[in-house]
Amino acid sequence: MIDHFYHLDFDRQRGLQEQLRESLVSAILGGGFPADEPLPSCRKLSQQLSVSRNTVALVYESLLDNGYLVSRPRSGYYLHPDYCGQTDAVLRMTPLRKPEPSDDSSAATAPDWAARFRMQPSLKHGVLRPSNWSRFTYPFIYGQPISELFPLERWREVSRKNLSGERDQLWLGDRFDRDDEQLIEQLRTRVLPKRGIWARADEILVTLGSQNALYLLASLLMARGVRVGVENPGFRDAASIFDIHGAKVHLQDVDDQGLVVDRRLDDCQYLYVTPGHQVPTGVAMSAARREQLLRQIREHDQVLIEDDYDAEFNLDNHPLPALKASDSSGRVIYLSSLSKAFSPGLRIRSPTDAS
């Protein structure tokens, strides 16, 4: 049973059945009702709308006769299969009736949202990929593990144990002023040291993902006139986030050793790199280039944002430690994604480490 409040402002100049029918048809065509659950019962909908039960029943019957709904005995009214999972084809096949002009002055004074926008993030294109990439035999989409290899049974068992009444229910609380101490301790002692990073608890911030971390950094550090160097080709979303916050994005070339370090970077206040495996080339930054890059940021008073996005997926035999591990001057901000070790859809938050 759909458990939501269905509201409708009735016009006294028109019939109740007509208005209710139009509203339900619009909701059906707009995909507002799930295909596997019944619509609100006549009794419940009549109570919500403060109309008679017969009015709702007559409208449901008319929708049944016109093919919008099907009736299941002792269960209720469901969407007709033709309207389950609305597509553009269905909407073209059954167009909505153009609404009549309204005398409501509030409609005429609706804000011009296009004029109010001070930025247009939709114009910043991210990583382009075909919509059916998941059905490719070899999709080559980074950060997307093979779902068949996910340890679902073990995950269920761990979830069952931790959600049982015998365990501490500390996870129920909202630590609004700090991150979970146990999670921070695990990140500090078990996750970050694998990349050569030793950090204090107050140097670790848990975010909603790497992009959220980049957005926070851009909000704090980027502004008009700030120059940030990014890899070219590189992670488009990072460049877009910096650009949206007013920074001037400088595209720096990449070769077979990683980001090219030369005088073109001297005027940058910040540098963004993916040294573990460069996006999208997959090149691992060489040890010599890493030393050169660290020397660059020290000599030119720069801050380096290191995105170690695939740290938990790095299958190299002898991967080099993170750049943060060699940072003795506190100029490297380290980002890494914890969610990809489990499942991108799970979106477990990712750690951000900054000295």
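Trainee: How many residues does helix 1 have, and what span is expected at 1.5 Å a residue?

Mentor: This is a predicted model. Helix 1 has 14 residues, and the expected span is 20 Å. From the first C-alpha to the last, helix 1 reaches 20 Å, close to that expectation. Among the buried residues of helix 1 are L20, L24 and I28. Helix 1 is followed by G31, whose phi is positive, near 75°.

Trainee: What makes the span of helix 3 agree with its number of residues?

Mentor: Helix 3 covers residues 53-65, which is 13 residues, and at 1.5 Å a residue these should span 18 Å. The end C-alpha atoms are 18 Å apart, so the two values agree.

Trainee: Which residues of helix 3 are buried, and which are exposed?

Mentor: T55, V56, V59, Y60 and L63 are buried in helix 3. They cover an arc of only 130° around the axis, and therefore lie on the same side of helix 3. R53, N54 and D65, on the other side of helix 3, are exposed.

Trainee: What do the buried residues of helix 3 pack against?

Mentor: They pack against helix 1 (16-29), helix 2 (42-49), strand 1 (69-72) and strand 2 (76-79). Just after helix 3, G67 takes a positive phi of about 85°.

Trainee: How do you know that strand 1 and strand 2 pair, and in what sense?

Mentor: Pairing requires at least two bridges. Strand 1 and strand 2 have four bridges, in the antiparallel sense. R72 stands opposite G76 in strand 2. The two strands form a hairpin with three residues between them, and R74 in the turn has a positive phi of about 60°.

Trainee: How many aromatic pairs does the structure hold, and why is the pair of Y60 and Y77 called tilted?

Mentor: The structure holds three aromatic pairs. Y60 and Y77 are 4.9 Å apart centre to centre, with 50° between the planes. Ring centres must lie within 6.5 Å to pair; planes under 30 degrees apart count as stacked and over 60 as edge-to-face, so the rest are tilted. The angle of 50° therefore makes this pair tilted. Y60 lies in helix 3 and Y77 in strand 2, so the pair ties together parts that are 17 residues apart in sequence.

Trainee: Why do Y60 and Y77 count as buried?

Mentor: Buried means under 20% relative accessible area. Y60 counts as buried because its relative accessibility is 1%. Y77, at 14%, also counts as buried.

Trainee: What can be said of the chain as a whole, in secondary structure and in burial?

Mentor: The secondary structure comes to eleven helices and ten strands. Of the 355 residues of the chain, 35% count as buried. The chain exposes about 22400 Å², of which carbon and sulfur atoms supply 52%. Among contacts between residues at least 6 apart in sequence, 63% join residues at least 24 apart.

Note on methods: Residues are numbered from 1 along each chain as its sequence is written. This is a predicted model: local features need pLDDT of at least 70, side-chain atom pairs count only at pLDDT 80 or more; totals for chains, interfaces and linings use all residues. Side-chain values use heavy atoms; hydrogens and water are left out. The expected span of a helix is 1.5 Å times one less than its number of residues. Buried means under 20% relative accessible area, exposed over 50%, partly exposed in between (1.4 Å probe, protein chains only). The arc is that of the directions from the helix axis to the C-beta atoms. Contact means heavy atoms within 4.5 Å. Accessible areas come from the Shrake-Rupley method with a 1.4 Å probe; for residues, only the protein chains shown count as cover. Rings of Phe, Tyr and Trp (its six-membered ring) pair if their centres lie within 6.5 Å; planes under 30 degrees apart count as stacked, over 60 as edge-to-face and the rest as tilted.
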